[in-house]
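Hi there,

Here is the structure I promised to pass on.

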Amino acid sequence: MNLNKVLLIGNLTRDPEMKTLPSGQPVINFGIATNRMWKDQSGQRQQQTEFHNLVAFGKSAELISQYMKKGSMLFVEGRLQTRDWEGQDGVKRYRTEIVVENLIMLDKAGVGAGEGKEEKKLRDL
């Protein structure tokens with residue numbers, strides 16, 4: 001049995017970039033930062049930040065574009081995917097990203113006008 005599942009809670013590191021594929025399907029690229037905190041042996045608080053690249057398609061992409069911006073907090077469920085291409089310099093490049101399958105907007109700022117909920121849940125879009 002195989003499993004490719006990613007769960008993240010973090011803040012957007014930049015405003016999402018909406019594009020349209022040749023098929024007409026919307027796609028959005030954005031980044032999330034996650035923090036890990038711990039105390040070292042001397043009792044000092046330490047923090048490590050990881051940066052993740054994400055991509056969403058279809059209705060998820062449209063909703064992220066509409067409601068999310070740099071700094072917004074988001075819960076994401078997805079899968080890892082690595083793509084490759086050849087750069088203009090002829091060098092093969094790779095990028096590993098998380099393909100968004102489900103998400104929950106965790107900010108009040110991420111909730112649409114007129115909605116009284118603290119979170120907006122988008123499942124199985």
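Leucine 74 is in contact (heavy atoms within 4.5 Å) with Leu8, Ile9, Gly10, Leu12, Phe30, Ile32, Met68, Leu103, Ile104, Met105 and Leu106, leaving aside neighbours within four places in sequence. Before you read on: this is a predicted model, in which local features need pLDDT of at least 70 and side-chain atom pairs count only at pLDDT 80 or more, while totals for chains, interfaces and linings use all residues. Residues are numbered from 1 along each chain as its sequence is written, and side-chain values use heavy atoms, with hydrogens and water left out.

Buried means under 20% relative accessible area, exposed over 50%, and partly exposed in between (1.4 Å probe, protein chains only). Helices (H or I, at least four residues) and strands (E, at least two) are DSSP runs, numbered from the N terminus.

**Salt bridges**

The whole structure holds eight salt bridges, each a side-chain nitrogen of Lys or Arg within 4 Å of a carboxyl oxygen of Asp or Glu.

- Glutamate 97 pairs with arginine 83, with the closest N and O atoms 2.8 Å apart. This pair links distant parts of the chain, 14 residues apart: glutamate 97 lies in strand β6 (residues 92–105) and arginine 83 in strand β5 (residues 73–86). Glutamate 97 is buried at 3% relative accessibility, whereas arginine 83 is partly exposed at 35%.
- Arginine 14 pairs with glutamate 17 at 3.7 Å between the closest N and O atoms. Arginine 14 is partly exposed at 26%, and glutamate 17 is partly exposed at 39%.
- Lysine 92 pairs with aspartate 84, the closest N and O atoms being 3.8 Å apart. Salt bridges that share partners also join Lys5, Glu77, Arg79 and Glu101 into one network.

**Confidence**

The chain averages a pLDDT (the predictor's confidence in each residue, from 0 to 100) of 87, and 86% of the residues score at least 70. Over residues 110–120 pLDDT stays under 50, and the model has 22 contacts beyond four places in sequence for them. Where pLDDT is low, the predicted coordinates should not be read in detail.

Best wishes
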